[in-house]
Amino acid sequence: MTAAAFVLGHLAVLAALAATAGIAGALFLQRMPALCSGERWVLAPSLGLAVLGHLFGLLGLLGLLGRPAVLVTVLAIHVAGRRQWRTFLLALVQRSPARRPATLQDRTWALSAASGALLLTPLFLLALYPPSAFDETLYHLPYAHAFAATGKLPFLPELRYPVFPQLAETLSAALLLAAGDVSTHFVALLAILLTGGVLAAWAGTGLEAPRGGHPAAFASAVAASLAAALWLGHPIVVYLGTTGYLEPLLALFVTAACWCVAWWRATGERTALVLAALFGASAADLKYFGLFFLAALAAAVLCLPSPPQADANPAWSRARWRAAATFLAVAAVFLLPWYGRILALTGNPLFPFLPQLFGENAWTVAIPGAPAISAHSPTWGESASGYLRRLLGLPWDVVFRRERVGELPPFSPLVVMAVPLIAVAVLRDRRTRALAALGAAWCLLLPLLPGDARYLVPVLPLFALVIAAGLADRLPDRLLARMRRGRALALLILLISSPAWLYAGYRMTRLGRLPTTPDQRDAHLRRQLPVYATVERLNRELAAGERTYLLYAEEMRYHLRGEVVGDWFGPDNYTEVGPLLADPRALAHRLRAIGVDYLLIGKTRGDLPPRDQETASAWQERFTLLHEDPAAALFAVRGEAH
């Protein structure tokens, strides 16, 4: 396959995913005539991603998640959406500048579209590189591969987490069936772009604009463009949006759910409340963290101050309890298949967590890196002090001390420096207070979790919206007027998004030439993943039914064919098998007892076999060395179980 065919083919897959999501979402929005076209165009595909995830999940629960069922589902969506296609095409023609004079809104959206297309090019190219992110190859893609191979949603005991909320992985499984593993990156790519679109639409429409006075910051074209640029300007967003991580989709669903709650409060539109519940439940169906946001949104529906309509209609306020019940009932419909499945398989709806409530299991995990605020910690004062240090140091760590937060790409320093604008916006504009409070509440939990910058990403869009509102509200009217003409605004957007541009260029330089053939792909993975050379060697040796134990190289699970076991958690984990390296006979006995034929040891994150003469002789008796390089060693297991 030529490079041009590779790129264009995957561009067609991305367009097909966006179109299918858009039509699926539009079918749900057809009863909302009050929704203007700009809002509908960004909300429909966002909703469509959630709908597709639930549909493919249902196919998996029925054992039908195969290529025929996926293709029939997609075709049925487009056939049912004939009317939406016609409306979409007519709207494109009507919005053409050739048919009418361009307005300020047209120029603003054209500028945003041009900027988005320019930014999309490096993002799209980055998404075409083979999967190599740690969690992506550790369990996200193995989930999707297992779903696609079996057509079901099986319990996978050999993985770090045998079962989880897996809405995103069902989307990846469908794309894996249709176009290969590279295409699974398009879920995250589409999610970050749609999140930018939701922010722009939310800031541009001003659903809660104050009565009279200065034009609302939320309703300005400036705030719309700034909000999207502040979100897309983070290098970490570029990285996550071009790999197989879940945080981009989680951020999209959380942002869309918050938008729908604000929309419901401003208009009383019941359908907006239903959409908020659907988005909130979909966030929880992606990741357990989504349960926090779902609970916060339910509390917002029940407890936030009444909207202006309540002044003239006291009955509206009395209906809050009914609204909260509706929200929770809709959310329960979309939560039940995923969490009911987890409960049925494990007896614990939050498996493998909370063993104190649901009993111990082989995958029970302590939270590494979290401060120990408990009875056995030195003192409460010391623990509280450590918590405060982690909390207050978070803005600095995500930019400059990234080794403390997972060593992922940095957040934008421009956005971190704009954090004081959050306080300004909260003090001056009541519309941003709830968003800032939700983001702050999530940040208060982060020091109690493992140090990982990804966990902050779901609330980044909310902070972007608050900062954009505060900044646009504080700009002098003369400067605001000049920015609305386009040139000054374009320069500001370019400045704000420059960290992402610079990072995208840096990353493409580090990754090298885009691999478009199998040989180029293997060469690329050998450069990015040093253990991959050993995996290639083993893939040539493996016969049907043979099993491999990956010791200290669990992230290579997706790239290794055949049955694979070995991780820090679960049965026969590293804490049990690793110490046996000093006793080759016991190790061989243990491995043979669980049906292992090959042992692959990563050299960078664990102990290696002892090199003394006696142990070396025992290794030669029980293991055959097949391959060794600076990154890994590969052995065939010769010992027999007794």
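Is histidine 54 buried or exposed, and what is its relative accessibility? The legends below refer to a predicted model, and the first of them takes up this residue.

View 1. Histidine 54 belongs to helix α2, which spans residues 37-61. Its relative accessibility is 13%; because buried means under 20% relative accessible area, histidine 54 counts as buried. Leaving aside residues up to four places away in sequence, histidine 54 touches Leu167, Ser282, Asp285, Phe334 and Trp338. With tryptophan 338, histidine 54 makes a polar contact from side chain to side chain, at 3.3 Å.

**View 2. The open sheet of 5 strands.** The strand order is β2-β1-β3-β5-β4, and the pairing is mixed. Strands β2 (563-565) and β4 (623-628) form the edges, each pairing on one side only. From one strand to the next, the twist averages 25°. Strands β1 (residues 547-551) and β3 (residues 598-602) run parallel and are joined by 4 bridges. Tyrosine 549 has leucine 599, in β3, as its bridge partner. Helix α29 (residues 584-593) packs on this sheet, where α29 touches β1, β3, β4 and β5 (632-637). The direction of α29 makes about 85° with that of β4.

**View 3. Helix α30 and its buried face.** Helix α30, formed by residues 613-622, lies across β3, β4 and β5 and runs at about 95° to β4. Within α30, the residues Thr615, Ala618, Trp619 and Arg622 are buried. Seen down the axis of α30, the buried residues fall within an arc of 105°, so they line one face of the helix. The cover over these buried residues includes α29, β3, β4 and β5. Gln613 and Gln620, on the other side of α30, are exposed.

**View 4. Confidence along the protein chain.** The average pLDDT of the protein chain is 84, and 83% of the residues score at least 70. The pLDDT is below 50 over residues 207-217, a stretch that has 26 contacts in the model beyond near neighbours in sequence. Residues 366-380 also have a pLDDT below 50, with 19 contacts beyond near neighbours in sequence. Where pLDDT is low, the predicted coordinates should not be read in detail.

How values were computed
Residues numbered from 1 in each chain as written. Predicted model: local features only at pLDDT ≥ 70, side-chain atom pairs only at ≥ 80, totals over all residues. Heavy atoms only, no water. Pairing = 2+ DSSP bridges. Helix = DSSP H or I, 4+ residues; strand = E, 2+ residues; numbered from the N terminus. Axes fitted to C-alpha atoms, helices over the stretch in contact; angles between N-to-C directions. Contact = heavy atoms within 4.5 Å. Buried < 20%, exposed > 50% of the residue type's maximum accessible area, 1.4 Å probe, protein only. Arc of directions from axis to C-beta. pLDDT = per-residue confidence, 0-100. Polar contact = N/O pair within 3.5 Å; in protein donor to acceptor, adjacent residues only side chain to side chain.
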